[in-house]
Each structure stands twice: as C-alpha cells, then as structure tokens.
Amino acid sequence: MEKTGGDWKEKQVIQYHSLSERKTPPEDVKLAAIAVSLDIRLRSADMAIPMQERALCLTRSLIDSSSSRRPNLTLLARSLKKEFDRWYGPAWHCVAGKSFGSFVTHSPGGFLYFSVDSYSFLLFKTEVHLICNDLPPPCRR
C-alpha cells in the first residue's frame, strides 16, 4: 500500500516472468487450440486428451490426403478404427457421415464425437468379452 495525499491506496504490482517460468497451458486449452487450427469442432467427449488429439490429427490428415474432393467416409472410419485398435487395444468403432443418429454404450474414457468440414465422426470403444467353449443349449420351439 502507498499513501497519496493522506489516503492509503493499494498499489498494483505486475510481475513479469521469463518464458521458462511460465506454466504450459492446460491440456484442454491446448486441445481446443489444435481443434481450431485443424478446423474441427469437438461436440462431446469422454476420452483422454492425448487420445482426442490423436483422433483429430489423424482424421484431418486422412481427409486432406484424400485424392477426391469428396472423401470415402467408409475408408476414413475404417482407418480411424484400425489406428485406435492398434494404439489402444481392440473393440473400437467408428461411424462417419453427413447425417446420422446414434445412441451407444461405450467403455469409460472411450467416446469422442466431432465434426470436420461437413462430416461428423463418432468414435467409441466397447468392452470385449471372451466367449467360452460352453455354449448355452439351443432354444426349443
């Protein structure tokens, strides 16, 4: 505080830090910046941020590398699914299109819905249960 003209006023102190002292931006801010730079709109997510980043970058790369003006959405969905199966284990699913409805059950931390250009992508993971050799008896009519 400092005294000016008989009144005490709080003095504002501005500290300048060197670049090395600055904190890195939170991961969600970094992800938002990536989404903006790739012209992608995140719609809903229950997924770790590095996984979301991988999905967004891969999708933009696949769309940009498409030889035609209109990308093959089935190929895009399959590529995204296969990449996530390879990196994060099996049972990933991907839906891609211009217009679709969905209602899915997903594993915790395994859901991402986003839009790129005029296309929407739904990427989600389900649990895999091994089927044992003991099959239930067939239904009788």
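The dialogue below goes through several features of a predicted model.

Q: How many of the contacts in the protein with a separation of 6 or more join residues 24 or more positions apart, and what share of the residues is buried?

A: Residues 24 or more positions apart account for 54% of the contacts with a separation of 6 or more. Of the 141 residues in the protein, 28% are buried.

Q: How do the axes of helix 1 and helix 2 cross, and which residues meet there?

A: For a pair of helices one reads the crossing angle, and then the residues in contact. The axes of helix 1 (residues 27–37) and helix 2 (residues 49–64) come within 10 Å and cross at roughly 5 degrees. Since angles under 35 degrees count as roughly parallel, helix 1 is therefore roughly parallel to helix 2. On the side of helix 1 the contact involves Glu27, Asp28, Lys30, Leu31, Ile34 and Ala35, which meet Ile49, Pro50, Gln52, Glu53, Leu56 and Cys57 of helix 2. Sorted by class, this contact of helix 1 with helix 2 holds seven nonpolar, one polar and four charged residues.

Q: How many aromatic pairs does a search of the whole structure find, and what is the geometry between phenylalanine 114 and phenylalanine 121?

A: For aromatic rings one reads both the distance between centres and the angle between planes. The search of the whole structure finds five aromatic pairs, one of them formed by phenylalanine 114 and phenylalanine 121, with 5.3 Å centre to centre and 15 degrees between the planes, an arrangement that is stacked. Both phenylalanine 114 and phenylalanine 121 are buried. Elsewhere, Phe84, Tyr88 and Trp92 form one aromatic cluster, and the charged end of arginine 54 sits over the ring of tryptophan 87, 3.5 Å from its centre.

Q: Where is tyrosine 88 found, and what does it touch beyond residues up to four places away in sequence?

A: Tyrosine 88 is found in helix 3 (residues 73–88) and is partly exposed, with a relative accessible area of 25%. Not counting residues up to four places away in sequence, tyrosine 88 touches Pro50, Met51, Arg54 and Lys125. Tyrosine 88 and glycine 110, although 22 residues apart in sequence, are 9.7 Å apart in space, C-alpha to C-alpha.

Q: What is the phi of aspartate 39, and what is the phi of aspartate 117?

A: Most residues other than glycine have a negative phi. Aspartate 39, by contrast, has a positive phi near 55 degrees; aspartate 39 lies in the loop between helix 1 and strand 3 (40–47) and is exposed, with a relative accessible area of 53%. Aspartate 117 likewise has a positive phi, near 55 degrees, and is found in the loop between strand 5 (110–116) and strand 6 (119–125), where aspartate 117 is partly exposed at a relative accessible area of 46%.

Q: Is lysine 98 buried or exposed, and which residues is it in contact with beyond its neighbours within four places in sequence?

A: Lysine 98, in the loop between strand 4 (92–97) and strand 5, counts as exposed at 55% relative accessibility. Leaving aside its neighbours within four places in sequence, lysine 98 is in contact with Leu73, Ser118 and Tyr119. The C-alpha atoms of lysine 98 and leucine 73, which lie 25 residues apart along the chain, are separated by 9.3 Å.

Terms used
Residues numbered from 1 in each chain as written. Predicted model: local features only at pLDDT ≥ 70, side-chain atom pairs only at ≥ 80, totals over all residues. Heavy atoms only, no water. Axes fitted to C-alpha atoms, helices over the stretch in contact; angles between N-to-C directions. Helix = DSSP H or I, 4+ residues; strand = E, 2+ residues; numbered from the N terminus. Parallel < 35°, antiparallel > 145°, perpendicular 65-115°, else oblique. Contact = heavy atoms within 4.5 Å. Nonpolar A, V, L, I, M, F, W, Y, C, P; charged D, E, K, R; others polar. Phe/Tyr/Trp six-rings, centres within 6.5 Å; stacked < 30°, edge-to-face > 60°. Buried < 20%, exposed > 50% of the residue type's maximum accessible area, 1.4 Å probe, protein only. Lys NZ or Arg CZ within 6 Å of the ring centre and 35° of its normal.
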